[in-house]
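Hi,

Here is the structure I said I would pass on.

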Amino acid sequence: MSTHRCDRNTELGPYIAWLCKINDGEYNVVVQIADHPPESADQSFGTEEQALQAADVFARQIQKSSYGAASGPF
């Protein structure tokens, strides 16, 4: 198993995708955004590109929920 860091961006901001190659044809991804603890996707992916595309979607979901909460009424 090997892990490498990918610095990435969505339209909402930067994030880190930790791409974990479990074996040939099986990847996991962990998304880390700002002060949030890292969150792992609950599935495996067949290619590195699929894992990174999923990371973009996952990061957007986290960013929207955290930025939405931060900009809500107080």
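Cys20 sits across from Asn28 in E3, and Lys21 is likewise placed opposite Tyr27 in that strand. Helices (H or I, at least four residues) and strands (E, at least two) are DSSP runs, numbered from the N terminus.

Before you go further: this is a predicted model, where local features need pLDDT of at least 70 and side-chain atom pairs count only at pLDDT 80 or more, while totals for chains, interfaces and linings use all residues. Residues are numbered from 1 along each chain as its sequence is written, and side-chain values use heavy atoms, with hydrogens and water left out.

On confidence, pLDDT is the predictor's own score for each residue, from 0 to 100. The mean for the protein chain is 87, with 89% of residues at 70 or more. Where pLDDT is low, the predicted coordinates should not be read in detail.

Now the fold. The protein chain has 1 helix and 4 strands, and along the sequence they come as β-β-β-β-α. The 4 strands make an open antiparallel sheet in the order E1-E2-E3-E4. Its edges are strand E1 (2–10) and strand E4 (39–40), each pairing on one side only.

E1 and E2 are antiparallel too, over 9 bridges, with Arg8 facing Tyr15 in E2. A hairpin with 2 residues links E1 to E2. E2 and E3 also form a hairpin, again with 2 residues between them, and Gly25 in that turn has a positive phi of about 80°.

Gln32 lies in strand E3 and is partly exposed, because its relative accessibility is 23%; the classes are buried under 20% relative accessible area, exposed over 50%, and partly exposed in between (1.4 Å probe, protein chains only). Setting aside neighbours within four places in sequence, Gln32 touches Tyr15, Ile16, Trp18 and Pro38. Its side chain makes a polar contact with the side chain of Trp18 at 2.9 Å. For that term I used a pair of N or O atoms within 3.5 Å; within protein, one must be able to donate a hydrogen and the other to accept it, and residues adjacent in sequence count only if both atoms are side-chain atoms. Gln32 and Ala17 are 15 residues apart in sequence, yet 6.4 Å apart in space from C-alpha to C-alpha.

And is Gln63 buried or exposed? Gln63 is in helix H1 (residues 48–70) and counts as buried, because its relative accessible area is 0%. The Gln63 side chain reaches the backbone oxygen of Gly13 at 3.1 Å.

Some totals to finish. Of the 74 residues in the protein chain, 32% are buried. Among contacts between residues at least 6 apart in sequence, 32% join residues at least 24 apart. The chain exposes about 4,700 Å², with carbon and sulfur atoms supplying 52% of it; areas come from the Shrake-Rupley method with a 1.4 Å probe, and for residues only the protein chains shown count as cover.

Cheers

Note on methods. Two strands pair if DSSP finds at least two bridges between them. Contact means heavy atoms within 4.5 Å.
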